[in-house]
Amino acid sequence: TADNVPRAAEDPLFGLMAAYKKDTFDKKVDLGIGAYRDDNAKPWVLPVVKKVGLVLLTAGVDVANSDIQADDLLRKDPDLNHEYLPIAGLAEFTTASQKLVLGADSPAVREKRVISIQTVSGTGAVHLGGAFLSKFLPQPTPAIYMSSPTWANHNQIFTNVRLPIKSYPYFSSETKMLDFEGMISTLSSAPKGSIILLHACAHNPTGVDPTQDQWMKIAEVVKAGSHFPFFDCAYQGFASGDLAKDAWAVRYFVEQGFELCVAQSYAKNFGLYGERAGAFHFVTAPGPDAQDTVSRIASQLAILQRSEISNPPAYGARIASMILNDENLFKEWERDLKTMSGRIIEMRKAFRDKLEEFQTPGTWNHITNQIGMFSFTGLTEKQVGILKEKWHIYMTKNGRISMAGLNTHNVAYVAESVSATVKE
Ligand code: LMR
């Protein structure tokens, strides 16, 4: 068997990260992976996470004989241990997560029409949803339509669960805006009952989101085709600093009575990248049978979860749960979200200003129009190569930059390098 295994290509994003780490140039810049960095290009542990994180780390520690400060222990739970979580995860976490994304006053939450399962971050949630749909959709399985382009991992995750993949136009490279007409026309002609993958906010990789009016039209078309909306929500609160605004599209679809699902990640908005905290929500349609549907779907999701990961990891979910369920910590978190989104918005302005100051050919207004973690610069693969080889600036081949990699110390250097490269 071993002889039959072909070699696969290295993951482009993690490969880029490794190449960056190896580079010894002192002015090197990492604009690759979508992970927040502070103004000194360092990972940022959110102050509110630091606070509760310290408390949780004391599980099983002999406190009296450790050098942990009394303040760190104020909210320590004496019953904390390292036992398994239930298959569906920590209940206070999934309940709070449901309210966070759907809204506490959501009709679906009120009518108890939502099944929520804790997952291995957003990736695990996308996978669990894909595995579930692949198993229970009618045969032949309808295709899942994803935006062109989309997060590279979407393609492999849905391929792994054997869902047929199709795409809808999303980004116009001419206008560097949404190709709304292309998107609507493809969704309108998709076979009835297709799955439509949508980015809830801060589209990865383009940073381009539909307006609220456009979302309404998308909902109309999705409804007319009896399609199933699948939201990937990885940037709530991180995109605009406003949790409700970033969840607007999901909440609107739920109000329209759709049966849908949501993959929710806490990597970016809590900075819990490596802790793999996230949730999958299946919202059933309103109606007299909703409760029965809820219990049938929950039972199947539990079997899938048990067979794949048994039960989810506890640490990150405990941190998120403590913050989501405490009014004061929640407020602190909202301030931290504003710190991150605010710094990124400032960097968008600074980067565009510098590019224009250096009279870089082309227009650069899209840098400030786009939102969230990424900007789709329009740089070509060749230019991306030059920026890496000559200027030690790392970004994905499609010209996507992680805005969080820019800071007050390197933004002029990056703009100058991009400008020189575009002029070459
Ligand atoms: C990204 O697109 O850079 C992030 O979402 C990280 C990842 O897992 O790909």
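Modeller: Gladly! The C-alpha centres of domain 1 and domain 2 lie 28 Å apart. The domain assignment gives domain 1 as 11–45 + 341–423 and domain 2 as 91–325, with bounds that come from an automatic or database domain assignment. Please keep in mind that this is a predicted model, in which local features need pLDDT of at least 70, side-chain atom pairs count only at pLDDT 80 or more, and totals for chains, interfaces and linings use all residues. Residues are numbered from 1 along each chain as its sequence is written.

Let's start where the domains touch. Here 19 residues of domain 1 are in contact with 21 residues of domain 2, contact being C-beta atoms, placed from the backbone, within 7 Å. On the domain 1 side, the elements that give two or more residues are α13 and β11 (374–376); helices (H or I, at least four residues) and strands (E, at least two) are DSSP runs, numbered from the N terminus. The largest share of that side, three residues, comes from β11. By class, the domain 1 side has nine nonpolar, nine polar and one charged residues. In this scheme Ala, Val, Leu, Ile, Met, Phe, Trp, Tyr, Cys and Pro count as nonpolar, Asp, Glu, Lys and Arg as charged, and the others, Gly among them, as polar.

Because domain 1 and domain 2 both give residues to the shell around the ligand, it lies between them. L13, I33, G34, W151, N153 and N204 surround the ligand, a residue being near a molecule if its C-beta atom, placed from the backbone, lies within 6 Å of it. That shell divides into three nonpolar, three polar and no charged residues. P205 itself lies in the loop between β7 (195–199) and α8 (212–224).

Next, follow α13, which has 31 residues and reaches 45 Å from its first C-alpha to its last, close to the 45 Å expected at 1.5 Å a residue; the expected span is 1.5 Å times one less than the number of residues. After α13 comes Q359, whose phi is positive, near 50°, although Q359 is not a glycine. Q359 sits in the loop between α13 (327–357) and α14 (365–369). With 8 C-beta neighbours inside 10 Å, Q359 counts as exposed. The cut-offs are 20 or more other C-beta atoms within 10 Å for buried, 12 or fewer for exposed, and partly exposed in between, with C-beta atoms placed from the backbone.

Finally, look inside. The largest nonpolar core has 109 residues, and V250 and A320 have the most contacts inside it. α13 gives the most to this core, with seven residues. The core also draws at least three residues from each of domain 1 and domain 2. A nonpolar core here is a set of buried Ala, Val, Leu, Ile, Met, Phe, Trp, Tyr and Cys residues joined through C-beta atoms within 7 Å. Not counting residues up to four places away in sequence, V250 touches V101, L102, A200, F231, C233 and V262.

Notes: Two residues are in contact if their C-beta atoms, placed from the backbone, lie within 7 Å.
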